[in-house]
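Trainee: I would like to learn how to read strand pairing and helix packing from a model. Could we go through one?

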Amino acid sequence: MVLAVGLVGDAHGIGAALLRAGTTMLARSDLPGEPPATKGATLIQGERSFFEQLEFPRRIVLDLLPGEQVDQVLEAVYPWLEPGDVVLDFSGSYWVDTLRRFRRMRHRSIYHVDLALVGQTGARHVLVAGDAEGVALALPVAEQLVPARRVVRAGHAGTAHYARALGDAVASVASQLRGELRQMLEALPLDQDVGGILTALLPARPPSDGRAPWVLDDAVRLEAATPLLAQAIMLDRAEQLEQHVTPVSLTRVGPYQDPEEIL
């Protein structure tokens, strides 16, 4: 299987993980913003040569941070994509931005599939969302990252990236819960392995990396009652400010929009 990864950089280490799994990949590094090519991938110069060396249907992997660069890269590769090709988007973008990109690709029968790595460290799941045909093309890639039993067909386009932001919110909850559990354990006047007990009670998971604030906005727009998530996210932010740590903030290209207005 031949995948394109260099044109998308290595923001989340997807390219390196696929290489470790034995996937052969071609890379481009001279697209807008010059995202770096994954070490170990074969570097190809020029769009024509790059796309001609990929077997049809071409699987194009995006591993960028959310923001305008995703649109810039898609704009650059769009003329070279053909019906049946699939864009595998690991950017974890705001789900409204993802829906907009999905709609644009669908007009030319090109599949845009959003994917997300979520869950606790050492037992992560890959969520895959989009049209059934596109998801089918994406599954072999997802199954290179985690065992097939941990690949989840999330649903309509945008739902994997939506869940990725929820995962950040869960990380905020877990961080606050871990702090309270540690206080309870340390309050007990008996010898104990505090770290070991904490790990058993609450397995480690990647920290929130900038998407959690999106959840607060969505909760208001979607009229979802999320007091626990909201409190944990705000406490996380307060602790960062108290420690003089600049909170990580990822970019949304567009504001909230009702899905019916997009599709």
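Trainee: Which residue in β5 does R59 stand opposite?

Mentor: This is a predicted model. In it, R59 stands opposite V86 in β5. The pairing behind this joins strand β4 (residues 59-62) to β5 in the parallel sense, over four bridges.

Trainee: How do I read the two faces of strand β5, and are its residues buried or exposed?

Mentor: In a regular strand, side chains alternate between the two faces of the sheet. For β5 (residues 86-89), V86 and L88 lie on one side, V87 and D89 on the other. These four residues are all buried, so both faces are covered, with buried meaning under 20% relative accessible area.

Trainee: How are α6 and α7 packed?

Mentor: Two packed helices are described by the angle between their axes and the distance between the axes. Helix α6 (residues 159-187) and helix α7 (residues 194-201) pack at about 135 degrees, with axes 10 Å apart. The two helices are therefore oblique to each other, and α6 passes α7 in a right-handed crossing.

Trainee: Which residues meet there?

Mentor: From α6, R178, L181, R182, L185 and E186 meet V194, I197, L198 and T199 of α7.

Terms used: Residues are numbered from 1 along each chain as its sequence is written. This is a predicted model: local features need pLDDT of at least 70, side-chain atom pairs count only at pLDDT 80 or more; totals for chains, interfaces and linings use all residues. Side-chain values use heavy atoms; hydrogens and water are left out. Buried means under 20% relative accessible area, exposed over 50%, partly exposed in between (1.4 Å probe, protein chains only). Two strands pair if DSSP finds at least two bridges between them. Axes are lines fitted to C-alpha atoms, for helices over the stretch in contact, and angles run from 0 to 180 degrees between N-to-C directions. Angles under 35 degrees count as roughly parallel, over 145 as roughly antiparallel, 65 to 115 as roughly perpendicular and the rest as oblique. A crossing is left-handed if the near helix is turned anticlockwise from the far one by less than a right angle, and right-handed if clockwise. Contact means heavy atoms within 4.5 Å.
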